[in-house]
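Dear colleague,

I am passing on the structure below, together with some notes on what turned up when I went through it. Please read the notes with the model open beside them.

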Amino acid sequence: MRKISFLLLPILLVSVYLFSAMHSLHQVHKSIYYDNKQLIKDYVEWAEVKTNIKNYINVRLANELSKDKNFKASGEIGFLLAGLTGKFVEHAVDIYITPEGFSFLIKNSSTSSKIPEPSFRTLFAGISLMKFDSFNSFHVNLNSGGEKIPIQFRRMGIKWKVARIEFSDDLISKLIQN
């Protein structure tokens with residue numbers, strides 16, 4: 001009897017670990033599908049996500065501007081405008097990267113109708129989407145417009161939260177061109 005319980009303990013621990021990750025992914029899925037702002041507040045680490053997005057945009061914007069011949073020719077005025085643009089971006093991120101702003105963006109997204117309804121089946125199908133990076137993190141790849149956007153989850157106790165969203169290197173270039 002003791003050997004059986006000794007063997008079952010690791011299986012139970014691994015099951016709880018995997019199920020907690022699947023459950024958190026499913027809760028994020030439900031929050032998006034049902035536009036549940038409370039769930040999205042509970043399962044997204046907003047400060048980390050905002051910082052991640054601000055840093056990404058500022059670095060990419062600086063890279064794009066440094067390649068622009070007109071920017072180089074504008075001298076100090078160009079650097080002033082780049083700084084103001086960075087502050088504008090930070091302000092926009094602070095406004096839109098919130099549960100309410102996220103809800104607004106999802107409602108106005110053309111892909112919101114393609115999101116499957118959360119169910120018991122989607123809960124367990126989530127395991128096939130999860131790619132574990134370490135014991136404390138995994139990511140899922142969101143397909144949007146033919147591009148994969150990795151969404152990073154980080155473990156906090158037995159709960160997992162969205163901690164980072166990665167964008168392609170050429171996203172800013174595409175946005176500037178449009």
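The accessible surface of the protein comes to about 11800 Å², and 63% of this belongs to carbon and sulfur atoms; the areas come from the Shrake-Rupley method with a 1.4 Å probe, and for residues only the protein chains shown count as cover. Of the 178 residues, 31% count as buried, where buried means under 20% relative accessible area, exposed means over 50%, and partly exposed lies in between (1.4 Å probe, protein chains only).

Please keep in mind that this is a predicted model, in which local features need pLDDT of at least 70 and side-chain atom pairs count only at pLDDT 80 or more, while totals for chains, interfaces and linings use all residues. Residues are numbered from 1 along each chain as its sequence is written, and side-chain values use heavy atoms, with hydrogens and water left out.

The secondary structure comes to eight helices and four strands, in the order α-α-α-α-α-α-α-β-β-β-β-α from the N terminus; helices (H or I, at least four residues) and strands (E, at least two) are DSSP runs, numbered from the N terminus. Strands count as paired if DSSP finds at least two bridges between them, and on that basis β2 and β3 pair in the antiparallel sense over eight bridges, with S144 opposite E147 in β3. β3 and β4 are likewise antiparallel, over six bridges, and they form a hairpin with two residues between them, where G157 in the turn has a positive phi of about 75 degrees.

The largest nonpolar core has 28 residues, of which V49, M130, F138, V140, F153 and V162 touch the most other members; such a core is a set of buried Ala, Val, Leu, Ile, Met, Phe, Trp, Tyr and Cys residues joined through side-chain atoms within 4.5 Å. Among the elements that each supply at least two residues of this core are α1 (2-33), β2 (137-144), β3 (147-156) and β4 (159-165), while α3 gives the most, with six residues. F153 stands opposite V162 in β4, and, leaving aside neighbours within four places in sequence, the contacts of F153 (heavy atoms within 4.5 Å) include L25, V28, F138, V140, W160 and V162.

F153 also belongs to an aromatic cluster with Y17, F132, F135, F138 and W160. Nine aromatic pairs are found in the whole structure; rings of Phe, Tyr and Trp (its six-membered ring) pair if their centres lie within 6.5 Å, and planes under 30 degrees apart count as stacked, over 60 as edge-to-face and the rest as tilted. Y17 and F135 are stacked, at 4.9 Å centre to centre and 5 degrees between the planes, and they link distant parts of the chain, with Y17 in helix α1 and F135 in the loop between β1 (131-134) and β2, 118 residues apart. Y17 counts as buried because its relative accessibility is 17%, whereas F135, at 53%, counts as exposed.

Finally, there is a charge and a histidine to look at. The charged end of K159 sits over the ring of Y43, 4.7 Å from its centre, the criterion being NZ of Lys or CZ of Arg within 6 Å of the ring centre and within 35 degrees of the ring normal. H26 lies in helix α1 and is buried, with a relative accessible area of 11%; beyond residues up to four places away in sequence, H26 touches P118, S119, T122 and L123.

With best wishes
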